[in-house]
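Hello,

Here is the structure I promised to pass on to you. Please open it next to this email, and then read on for what I found in it.

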Amino acid sequence: MDIITKDTGIIDAVQQHPEILEVFAKYGLGCVGCMAAHYETIGQGAGAHGIDVEALIADINKAVTAAK
């Protein structure tokens with residue numbers, strides 16, 4: 001089961017798992033510095049930038065699992 005989903009808030013995810021910042025950077029998402037990050041989910045943020053949400057979530061969860 002995924003730890004992070006497309007419905008997880010961006011700020012919540014980064015606060016709980018700072019290692020995912022590298023994944024956001026890999027995808028060209030500067031979400032954490034964006035005001036929208038305070039109320040958007042990862043799915044909303046990725047979708048707004050035309051990013052494959054499922055691939056992003058898979059990479060985020062790999063990073064979280066690797067950091068354990």
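**The core and what surrounds it**

The largest nonpolar core has 19 residues, and those that touch the most other members are Ile 4, Ile 20, Phe 24, Ile 42, Leu 56 and Ile 60. Two or more residues of this core come from each of α1 (10–16), α2, α3 and α4. The biggest contribution is that of α4, which gives 6 residues. As background, nonpolar side chains tend to be buried together in soluble globular proteins.

Before you go further, please keep in mind that this is a predicted model. The mean pLDDT over the chain is 88, and 90% of the residues score at least 70. Confidence is highest in α4, with a mean of 95, and lowest in α3, with a mean of 90. Where pLDDT is low, the predicted coordinates should not be read in detail.

Now for the overall picture. The chain has 4 helices and 0 strands, so its elements, read from the N terminus, run α-α-α-α. Of its 68 residues, 43% are buried. If you look at contacts between residues at least 6 apart in sequence, 67% of them join residues at least 24 apart.

Setting aside residues up to four places away in sequence, Ile 4 touches Ala 13, His 17, Ile 42, Ile 57, Ile 60, Asn 61 and Val 64.

Next, follow helix α4, which covers residues 53–67. Its 15 residues reach 21 Å from the first C-alpha to the last, close to the 21 Å expected at 1.5 Å a residue. At the N-terminal end, Asp 52 caps α4, with a side-chain oxygen 3.1 Å from the backbone nitrogen of Glu 54. The buried residues in α4 are Val 53, Leu 56, Ile 57, Asp 59, Ile 60, Asn 61, Ala 63 and Val 64. They pack against α2 (21–26) and α3 (42–48). When you look at the spacing of such residues, remember that an α-helix has 3.6 residues a turn, so residues three or four places apart point the same way.

Which side chain makes a polar contact with the side chain of Asp 59? That of Lys 26 does, at 3.0 Å. Asp 59 belongs to α4 and counts as buried because its relative accessible area is 16%, under the 20% cut-off. Apart from residues up to four places away in sequence, Asp 59 touches Val 23, Lys 26 and Tyr 27.

Two loop residues are also worth a look. Thr 41 sits in the loop between α2 and α3, and its relative accessibility of 17% is why Thr 41 counts as buried. Beyond its neighbours within four places in sequence, Thr 41 is in contact with Lys 6, Asp 7, Thr 8, Gly 9 and Ile 10.

Glu 19 is in the loop between α1 and α2. With a relative accessible area of 27%, Glu 19 is partly exposed. Although Glu 19 and Val 64 are 45 residues apart in sequence, their C-alpha atoms are 6.9 Å apart in space. Again leaving out neighbours within four places, Glu 19 is in contact with Ala 63, Val 64 and Ala 67.

Enjoy exploring the model!

Best wishes

Methods
Residues are numbered from 1 along each chain as its sequence is written. This is a predicted model: local features need pLDDT of at least 70, side-chain atom pairs count only at pLDDT 80 or more; totals for chains, interfaces and linings use all residues. Side-chain values use heavy atoms; hydrogens and water are left out. The expected span of a helix is 1.5 Å times one less than its number of residues. Buried means under 20% relative accessible area, exposed over 50%, partly exposed in between (1.4 Å probe, protein chains only). Contact means heavy atoms within 4.5 Å. A polar contact is a pair of N or O atoms within 3.5 Å; within protein, one must be able to donate a hydrogen and the other to accept it, and residues adjacent in sequence count only if both atoms are side-chain atoms. pLDDT is the predictor's confidence in each residue, from 0 to 100. A nonpolar core is a set of buried Ala, Val, Leu, Ile, Met, Phe, Trp, Tyr and Cys residues joined through side-chain atoms within 4.5 Å.
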